[in-house]
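Work through the exercises below with the sequence and the model open. Each task is followed by a stepwise solution.

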Amino acid sequence: MLYLFAFFGLVAIAIILFVSLHPTFGVSPNKYDRETYSNFTNFANGKFVNQSPTDMKMSFSTIVSLLKDSISGKKDRKPSSPIPVSFDWNTIRGEKDSLTWFGHSTFFLHLDKKKILIDPMFGSSPSPVSIIGSKRYSEDLLYVIEKLPLIDAVFITHDHYDHLDYPSILRLKDRVSHFFVPIGVSAHLQRWGVATEKITELNWWDEIEWKGLKIAAVPSQHFSGRGMFNRDSTLWMGWVILGKKQRLYTSGDGGYGPHFKEIGEKYGPFDLTLIEGGQYDKRWESIHMKPEDSIQAHLDVRGKNMMLIHWGAFTLAYHSWTDPVERAVRTAKEKDVSLIAPKIGETVLLNGTIPTHVPWWK
């Protein structure tokens, strides 16, 4: 028994050391930063908070149900074979306003001759330890980074592994002119070698003018954290990007709430909205929207065309992998919403004529 206790004790120490020392976990904001955050209205009791109270505590029975579903969940939670991916590199490297989807919430945006990446997650697994995490449905896309043109800016919505990917940042850091991130996230990037002067942190409702574009950081209803002890130590958000002819909004992760109407009233209408609507479950509905909620969020922000995001790359919930887009397509028809659903790797030209896409996932 003594040897058994000693073994588990050593395992626990090893895990704590790994989490504390491995750079993939990033680093928590320091004491000085937390003192600064205490002046923010969205920071209380040492943590960032949502505009609407969000209870994410899980009962014992809920935890048991999650374990049960993880073992005996739907068999179609991932594709039966890898999703093929191809790219039109001439269009991606061209000068026309366009948007290229890399699956989940990762996009390359060409707007007003600015080259922008949103939530660059090109790695094989949204996990600090890839051998135990969900695997990408397509091939590993890290090689794409070297093929992309030099990036003017990267926008991060929050610090979860499926949005802020350590291997991707290592490859990107010398190919990106500037990073725009939520409050607190710069500490991660600095630990990974990104120069401080290349990072701008923003709080909800902050606005900046950047190279002819208007940028606004807007609220989402979610949470943050990469380690065992830093839950909600950094902020989470969506982004508004307003160009000369195109007005875009990406929601980041989050549950449905009144902030969408606030965003629509302040910055709408939008030519294109990128709204999360995958990886949902009634047990965490306050922090991830169902597709039906996503369509309503699009209407709330006064969007013209919409794309559903946060699906198509990884299995992080217990529904089938195609359920998000199928429900979104059905609801979009009911609500008369223009919904686009490009293939992974496909480039959509932002020329005012949004194409109709075939149901490639079938």
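The model is predicted.

**Exercise 1. Find what covers the buried residues of helix 9, and which residues of helix 9 are buried.**

Solution. 
- Step 1. List the buried positions: in helix 9 they are Pro291, Ser294, Ile295, Ala297, His298 and Asp300.
- Step 2. Look for the cover. Helix 8 (259-267), strand 13 (270-276), strand 14 and helix 10 are among the elements that cover these buried residues.
- Step 3. Inspect the residue that follows the helix. Arginine 302 comes after helix 9 and has a positive phi, near 70 degrees.

**Exercise 2. Describe helix 10: its span, its buried residues and its packing partners.**

Solution. 
- Step 1. Take the span. Helix 10 covers residues 323-335, 13 residues, and runs 18 Å from first C-alpha to last. The expected value at 1.5 Å a residue is 18 Å, and the helix comes close to that.
- Step 2. Pick out the buried residues of helix 10: Asp323, Pro324, Val325, Arg327, Ala328, Thr331 and Ala332.
- Step 3. Identify the partners. The buried residues of helix 10 pack against helix 9 (291-300), strand 14 (303-309) and strand 15 (338-340).

**Exercise 3. Is valine 176 buried or exposed, and what does it touch?**

Solution. 
- Step 1. Apply the cut-off. Buried means under 20% relative accessible area. Valine 176 counts as buried because its relative accessibility is 4%.
- Step 2. Leave out residues up to four places away in sequence; valine 176 then touches Ile151, Ala153, Val154 and Lys198.
- Step 3. Threonine 353 is 177 residues from valine 176 in sequence, and their C-alpha atoms are 30 Å apart.

**Exercise 4. Which residues of the largest nonpolar core touch the most other members?**

Solution. 
- Step 1. The largest nonpolar core has 90 residues, and those touching the most other members are Phe122, Leu148, Phe179, Leu189, Val240 and Tyr249.
- Step 2. Ask where the core draws from. Strand 10 (residues 213-218) gives the largest share of this core, five residues.
- Step 3. With neighbours within four places in sequence set aside, the contacts of tyrosine 249 include Val218, Trp239, Val240, Phe260 and Ile263. Phe270, Leu272 and Val301 are also among the contacts of tyrosine 249.
- Step 4. Look for another core. A second, separate core has six residues, including Phe223, Ile287, Ala317 and Tyr318.

**Exercise 5. Characterise the linings of the two largest pockets and the largest cavity.**

Solution. 
- Step 1. The largest pocket holds about 1000 Å³ of space. It is lined by 34 residues, with His160, Phe223, Arg231, Ile287 and Leu316 the closest to its centre. By type, the lining of the largest pocket has twelve nonpolar, 13 polar and nine charged residues.
- Step 2. The volume of the second largest pocket is about 280 Å³. Among its 15 lining residues, Val329, Leu339, Ile340, Thr356 and His357 lie nearest its centre. Helix 10 and strand 15 are the elements that give two or more residues to this lining. The lining of the second largest pocket has eleven nonpolar, three polar and one charged residue.
- Step 3. Residues lining the largest cavity include Arg77, Tyr137, Trp311, Leu316 and Pro324. By type, the lining of the largest cavity has six nonpolar, four polar and one charged residue.

Note on methods
Residues are numbered from 1 along each chain as its sequence is written. This is a predicted model: local features need pLDDT of at least 70, side-chain atom pairs count only at pLDDT 80 or more; totals for chains, interfaces and linings use all residues. Side-chain values use heavy atoms; hydrogens and water are left out. On a 1 Å grid over the protein atoms alone, a cavity is a set of points where a 1.4 Å probe fits but cannot get out, and a pocket is an open set with protein on both sides within 12 Å along at least five of seven lines; lining residues have an atom within 4 Å of a point. Ala, Val, Leu, Ile, Met, Phe, Trp, Tyr, Cys and Pro count as nonpolar, Asp, Glu, Lys and Arg as charged, and the others, Gly among them, as polar. Helices (H or I, at least four residues) and strands (E, at least two) are DSSP runs, numbered from the N terminus. The expected span of a helix is 1.5 Å times one less than its number of residues. Buried means under 20% relative accessible area, exposed over 50%, partly exposed in between (1.4 Å probe, protein chains only). Contact means heavy atoms within 4.5 Å. A nonpolar core is a set of buried Ala, Val, Leu, Ile, Met, Phe, Trp, Tyr and Cys residues joined through side-chain atoms within 4.5 Å. Grid points are joined across faces, edges and corners, and a volume is the space filled by probe spheres set on the points.
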